[in-house]
Amino acid sequence: MTLRPFYADLHIHIGRTEEGKAVKISASDQLTFYNIAHEASSRKGMDMIGIIDCQSPSVQKDIRHYLEQGEMEELPGGGIRYHRSTVILGSEIEVRDPGMGPAHLLAYMPTLEAMEAFTGWLDKHMKNVGLSSQRIYVPARVLQEEVLGRGGLFVPAHIFTPHKSVYGSSSSRMEHLLELDGIDAVELGLSADSQMAGYLSELDRYTFLTNSDAHSLAKIGREYNKLQLAEPSFAELRQALAGKNGRGVLANYGLNPRLGKYHRTYCSVCNAVAGDGELAPERCPDCGSAKIVRGVMDRILDISDRKETGPFVPQNRPPYYYQVPLEYIPGLGPKKLDALLAEYGTEMNLLHRVAREDLERTAGPDIADFIMKAREDKLVLEVGGGGKYGKVAGK
């Protein structure tokens, strides 16, 4: 069977159901199951997407409707097909073991039937199974065992984010919370990359995923992965995460960590980024306050077991490319982006395939130059922090 590359963003939230029921309170109302699939297929150019919050019974009702209407179909290898995109059904769940802070974990199931059965189990241990990212009142290892026992994939989410992640808020080591042999991959999150993760030796063994954690349609694909598969299905994804039979992750595409809104330590009084050097200061250089929140880079340096040697990136680790989403490109507003998509099809085409001369002809030399510099990681960036994203510096 021929293997070829596919683009995948495996962490996209649902804001509301078709009937208007809230699922992810902080997400856009436009993020319905159908709208996500349509946006990913027709505009973003994603071959595979992970739609989170599919444990919600109201969401499952929507999925069942589109399957019965024939607009979507379940694949023999797992996953749901909509036009050019395969949907992998996922759920984000919050755990908090005794003596630790909260962490978010991702569970993916191969079929709607498997997800519905998982919902039945979750409902016994959760206050509101219909909402996103809810706390489950069992130990993290119990949840992990349950997901794997049901044939699911288990992935710790945005592992370095200061709020509700394994390293950012739960513990200094993954092994304190989870069985290391029962993890299919780890999601780096928007403020970290492979080099930064290389400061922790227990991560050397894992496949890294870079996903958008989208809370709006526009954010789909701001981070994504290039996977080597025979076809975009759950069974093929499982093999890719395990690196089996020639399947695997060919590349990770993510924001330069400097663009992440939690990259560096910031002052909670004046919201200034408290230094962008090797080590963060103990007091805010702007107002002098000691009320600072440690950013991802500084947290990693705090808990690193490679402080003396520096980060280690295994030779078999796929490349990590800094990908600047099109919405970050100065001067590229919605109307101009719509015109480019009408000309070239999808955002993946614009980011990876369209030649410079064609971009210059349709978007002008300045935007063409920004997009080409983004491909080559030559853009000048202003650092993010304090809950605010960084940005691309204009000319």
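Mentor: Residues are numbered from 1 along each chain as its sequence is written, and side-chain values use heavy atoms, without hydrogens or water. In this predicted model, local features need pLDDT of at least 70 and side-chain atom pairs count only at pLDDT 80 or more, while totals for chains, interfaces and linings use all residues.

Trainee: Which residues touch the most other members of the largest nonpolar core?

Mentor: A nonpolar core is a set of buried Ala, Val, Leu, Ile, Met, Phe, Trp, Tyr and Cys residues joined through side-chain atoms within 4.5 Å, where buried means under 20% relative accessible area with a 1.4 Å probe, protein chains only. The largest such core has 103 residues. Those touching the most other members are Phe33, Phe118, Leu143, Phe160 and Leu203.

Trainee: How many residues are in the other core, which includes Phe6?

Mentor: This core lies apart from the largest one. Among its members are Phe6, Leu106, Ala240 and Leu241, and its residues number 20.

Trainee: Which helix gives the most to the lining of the second largest pocket?

Mentor: On a 1 Å grid over the protein atoms alone, a pocket is an open set of points with protein on both sides within 12 Å along at least five of seven lines, and lining residues have an atom within 4 Å of a point. Helices are DSSP runs of H or I with at least four residues, and strands are runs of E with at least two, numbered from the N terminus. Helix 7 (234–242) and strand 11 (248–254) each supply at least two lining residues. The most, 3 residues, come from helix 7.

Trainee: What is the volume of the largest cavity?

Mentor: A cavity is a set of grid points where a 1.4 Å probe fits but cannot get out; volume is the space filled by probe spheres set on the points, joined across faces, edges and corners. Tyr322 and Lys373 are among the residues lining the largest cavity. Its volume is about 40 Å³.

Methods
Buried means under 20% relative accessible area, exposed over 50%, partly exposed in between (1.4 Å probe, protein chains only).
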